[in-house]
Number of protein chains: 2
Amino acid sequence: MEMRKTSRGRPRSFDEDAVLDAAMRAFWEHGYEGTSVTTLESATGLKAPSLYGAFGSKEALYQSALERYASEHGAVLRPDGPAREAVAEFLLDAADRFSEGGLPPGCMISTAALGVGAAQRAVATRPAKMRAQTLDSIEQRLRRAVDDGELPPETDAAALARLVGAVIQGMSVQAIDGATRAELRALATVAMNAWPAAA
Amino acid sequence: MEMRKTSRGRPRSFDEDAVLDAAMRAFWEHGYEGTSVTTLESATGLKAPSLYGAFGSKEALYQSALERYASEHGAVLRPDGPAREAVAEFLLDAADRFSEGGLPPGCMISTAALGVGAAQRAVATRPAKMRAQTLDSIEQRLRRAVDDGELPPETDAAALARLVGAVIQGMSVQAIDGATRAELRALATVAMNAWPAAA
DNA sequence: GAGTTATTTTATCGATCGTTACAGAAATGG
DNA sequence: CCATTTCTGTAACGATCGATAAAATAACTC
């Protein structure tokens with residue numbers, strides 16, 4: 001936990017949060033390999049040494065941008081109430097977020113670093129773990145619904161969780177391809193028809 | 001249609017089809033930007049001038065590899081028989097293909113060139129058009145099923161087609177993330193529960 | 001004001017990117 | 001055998017990659 005007692009030396013001329021936000025949008029839109037340091041310079045208005053001084057490296061900046069995305073723009077599965085409504089809300093929320101005006105289309109995590117050079121595969125592990133964690137949290141929510149009797153006991157919670165994840169990932173692809181908010185919401189609604197009949 | 005009347009000059013020392021296949025696998029696994037010409041050299045065993053002589057450029061080679069993938073490894077929606085069985089077969093076939101041993105995981109088209117540098121966005125248009133075409137062919141197949149009375153008239157064919165596409169795209173992501181064939185097949189099976197009740 | 005510390009700017013680093021000149025090698029036609 | 005044509009390998013091209021050394025600048029402390 002680094003703690004700057006008093007601010008000595010020349011002060012920063014930029015707002016670190018705003019710069020991180022701009023970098024996040026660049027990575028979000030063009031991916032890791034598609035975003036060069038030159039791109040980041042024009043996106044943030046900073047020069048390379050300032051970026052490196054504040055964030056360490058391009059990879060570290062990407063990871064920070066990922067975390068920021070997850071906390072600021074990530075859809076969350078509401079833990080309370082009926083699971084069916086929580087999942088439906090989750091999917092519709094994602095449809096809205098992926099087609100939000102003023103932001104890049106799609107999800108920064110769902111479809112991040114899928115085809116990446118062998119040299120920098122380390123960059124892909126964090127988004128992959130985030131996807132795995134999302135699948136796991138959905139599955140646990142569904143298992144709870146089974147235990148609560150909301151879902152029939154023969155429900156394949158893991159497979160159903162993968163379906164929900166696939167819908168998210170597919171909506172991300174289709175949003176990037178230009179799908180409208182209405183089309184994504186319709187997709188989400190149709191997907192909910194796969195929800196098992198009540199126990 | 002270029003036609004070499006008689007073979008003069010030094011003959012090719014390689015099988016063009018085998019080289020294209022090797023290049024396809026490289027692009028399939030690492031994407032366009034993640035596959036360098038050096039990577040292609042070691043994947044094919046050729047030197048750059050031979051590659052350029054045979055295929056023109058890295059981008060042209062990628063496009064050729066894409067077409068080859070589509071014709072050799074692309075799942076197809078069987079046009080005859082009940083639409084429900086055709087779609088179920090389509091999804092299960094994709095699940096198998098995306099987890100086929102000896103080949104890269106996932107789909108070369110479903111998740112290709114999603115985050116790509118602004119400079120080379122032309123590369124992304126062909127895969128995007130292929131995805132759009134897949135969605136369209138599914139939708140038309142579903143519309144036909146509605147007309148035939150297999151699906152209720154109020155069916156949202158476009159949304160259902162997008163769901164099928166999303167499942168494909170999501171399975172591709174999850175295959176890359178390490179999902180097993182059984183997991184993908186279970187996902188496909190659960191997804192089919194979204195199929196509307198008979199008319 | 002002098003000295004210290006941190007940031008900014010300028011310029012550049014070596015590595016790699018996609019691509020290609022050029023010369024040697026291997027087949028043809030005369 | 002000679003000339004021609006085409007391919008292969010070597011070497012290198014300019015551009016860009018991520019990253020940084022060094023100098024100039026702007027705040028602080030004393």
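Modeller: A polar contact is a pair of N or O atoms within 3.5 Å; within protein, one must be able to donate a hydrogen and the other to accept it, and residues adjacent in sequence count only if both atoms are side-chain atoms. The model is predicted.

Colleague: How many residue pairs are in polar contact between chain A and chain B, both at pLDDT 80 or more?

Modeller: Between chain A and chain B there are also four salt bridges. One joins the side chains of Arg131(B) and Asp177(A), at 2.6 Å from N to O. The count of residue pairs in polar contact is ten.

Colleague: Which helix gives the most to the side of chain A that touches chain B?

Modeller: Helices H1 (16-30), H6 (122-147), H7 (157-176) and H8 (181-191) of chain A each supply at least two residues of that side. With 13 residues, the one that gives the most is H7(A).

Colleague: What is the area buried between chain A and chain B?

Modeller: In contact are 39 residues of chain A and 39 residues of chain B. Leu114(A), Arg162(A) and Gln174(A) supply 21% of the area that chain A buries against chain B. Carbon and sulfur atoms give 61% of the total, which is about 2,900 Å².

Note on methods:
Residues numbered from 1 in each chain as written. Chains lettered and ligands numbered in written order. Predicted model: local features only at pLDDT ≥ 70, side-chain atom pairs only at ≥ 80, totals over all residues. Heavy atoms only, no water. Contact = heavy atoms within 4.5 Å. Buried area = accessible area lost by both parts, 1.4 Å probe. Helix = DSSP H or I, 4+ residues; strand = E, 2+ residues; numbered from the N terminus.
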